[in-house]
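Here is a friendly set of notes to read alongside the model. Please keep the structure open as you go through the points.

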Amino acid sequence: MIDGQNKSSIIRLFHVHKNYGAKKALANITLDISKNELLFISGPSGAGKTTLLKLLYLGEEVSEGQVLIEGINLSRISHNRIPFLRRKFGIIFQDYKLIPTKTVFNNVAIVLEATGKKRRFIEKKVKSILRTVGMEETLHSLPPSLSGGEQQRIAFARAVVGDPKIILADEPTGNLDEVSADIILELLKRFHTRGATVIIATHDKELIRKTGGRVIHLNQGYMQKTINV
Amino acid sequence: MIHNYKRAIQDIRDHRFLNAVTIITIAISILIVSAFALFFVNANEIINSWKKGIKIMVYLKPDTPETKISELIRKIQHMDGIRDVRFISKNEAFQELKKQMKRQSSLFENLKENPLPDAFEIRLKISFQNQEKVEILATRLESFPQVDEVEYGQRWLGQFTNFFNLFRLTGYAMGGLFFMAALLIVANTIRLVLYSRRDEVEIMRLVGATDSFIKAPFYIQGLIQGAFGGIIGLAALFVGFLLLSSSMERGISPGLFTIRFLSPGAFCGIILGSTFVGWIACYLSLKQFFK
């Protein structure tokens, strides 16, 4: 069953546990995520939302259980294949994780450079994605000179510039004002409409209410309930 | 490759201070190692000029006929390791002795006959200027029936050979130690650079960059830093050399020997060596960092 794949599932978790020493971060999580699904992972701080996202892109390894991405069992993946697995994901981090010494252009371009794309293609694609997120004017700026909302839009541009199949967003509106949060939400919806599977970890109930989709609720590492909004 | 080169140049621009620190560290290390090399090259030259003075004196039995002397010269000239054979007749030797002992000329007045023997002064090829080979050669020369005595400064040559071997061994050991020290210092500096950029490396990994993609500009930077460090170190050495050499030559007997700078071959070798140091230090640091 583990090596087989449900045709509509893009991500599957089987009895996943994650421990940090004696502390249990996730316990017995079994979950199927379909292609082009919009899924919220909700719960209070320390519930295990970020840990769950990290297990998907191998930011952390499971302590027990199995994680499958497009049928690839992450417990059996070789070290050399990890970068290629990560290219399936566009990740938006709560703290943006932009390189402060690189310009906005270079921060976004890095994803395409890493995949060996031609310079002309990179310039065209990066400018186009920055236009989409409304940040084309900041091409040559350094991230520290931008506001939190602007930095999050750059982080969003970086996450989607490689046309990933799966977008992971960890508290994407956590540090933003209402206007900036709405812009990010609209962008997430737009890319979901274009066919991406979108997984958002948030404790913001208003964000879930506005967007709709399946919601799984975590508490102290346990999956308590699944609801459709 | 060109793209990686551009990334490396951009990285150097973005992290000017850290790169400058690395280049200066390499330059100082190269300055120390090459100053040491310069000292050894010149010391070796002085020692070689002394070694050229090694000669064997062959004294012939009294009344050896001229035909036998000519035959002996031919035989000695055909022996291995012989550079030059000069015949010094007893008369020639006597005149030379008189010249050297002008103040004691009265000593010679009472001599009824010339007490000095005919002799050969033999100079050796450089490859034969060691104690073992000189001894073998001396034994062979002694075996000629016309030869009365062979003299070659046995004790002095033995001590000199031992000193020279110790000197050379010390040179290799010190060079090796300085090379290792330079390598470790540079590896440590590069590790600091990597540590300061660990967030950037982590972000690159998270967006799907392979390790080789992340490492490539660091390697190119290592090569550039090594080459620049080498050039700066040697330039500093050259300036120091110009300042010191003339006064040193004045201080020591003028004309005895000339202090030389490193040869173009050694110069290129050191630049290549420093480039290699940059690369290998980068390799060691990256290996540990990406564990």
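1. Let me start with α10(B), where the buried residues are B:I270, B:I271, B:S274, B:T275, B:V277, B:G278, B:I280, B:A281, B:C282, B:S285 and B:L286. Please bear in mind throughout that this is a predicted model. An α-helix has 3.6 residues a turn, so residues three or four places apart point the same way.

2. Helix α10 of chain B covers residues 264-289, and its 26 residues should span 38 Å at 1.5 Å a residue. The C-alpha atoms at its ends are 37 Å apart, which agrees with that expectation.

3. Next, the meeting of the two chains. Chain A brings 19 residues to the contact and chain B brings 15 residues. Between them, chain A and chain B bury an area of about 1,500 Å², and carbon and sulfur atoms give 66% of it.

4. How many salt bridges are there between chain A and chain B? The count is one. In this salt bridge B:E200 is paired with A:K102, with 3.9 Å between the closest N and O atoms.

5. Which elements give two or more residues to the side of chain A that touches chain B? They are α2 (82-86) and α3 (104-114) of chain A. The most comes from α3(A), with four residues. By type, this side of chain A divides into 10 nonpolar, two polar and seven charged residues.

6. Elsewhere in chain B, one network made by salt bridges that share partners joins B:K55, B:R86, B:E92, B:E121 and B:R123.

7. Over all chains, the structure holds 20 salt bridges. One in chain A is between the side chains of A:K125 and A:D163, at 2.7 Å from N to O. A:K125 lies in helix α4 (residues 119-132) of chain A, while A:D163 is in the loop between α5 (148-160) and β7 (166-170), so this pair ties together parts that are 38 residues apart in sequence. Are the two partners buried or exposed? A:K125 is buried, with a relative accessible area of 17%, whereas A:D163 counts as exposed at 54%.

8. A:K189 counts as partly exposed at 26% relative accessibility, and A:E186 is partly exposed with a relative accessible area of 45%.

9. Finally, please visit A:R12 in strand β1 (residues 9-20) of chain A. A:R12 is buried, with a relative accessible area of 7%. Its side chain is joined to that of A:D32 by a polar contact of 3.1 Å.

Conventions: Residues are numbered from 1 along each chain as its sequence is written. Chains are lettered from A and ligands numbered from 1 in the order in which they are written. This is a predicted model: local features need pLDDT of at least 70, side-chain atom pairs count only at pLDDT 80 or more; totals for chains, interfaces and linings use all residues. Side-chain values use heavy atoms; hydrogens and water are left out. Contact means heavy atoms within 4.5 Å. Buried area is the accessible area (1.4 Å probe) that two parts lose on being put together, summed over both. A salt bridge is a side-chain nitrogen of Lys or Arg within 4 Å of a carboxyl oxygen of Asp or Glu. Ala, Val, Leu, Ile, Met, Phe, Trp, Tyr, Cys and Pro count as nonpolar, Asp, Glu, Lys and Arg as charged, and the others, Gly among them, as polar. Buried means under 20% relative accessible area, exposed over 50%, partly exposed in between (1.4 Å probe, protein chains only). The expected span of a helix is 1.5 Å times one less than its number of residues. A polar contact is a pair of N or O atoms within 3.5 Å; within protein, one must be able to donate a hydrogen and the other to accept it, and residues adjacent in sequence count only if both atoms are side-chain atoms.
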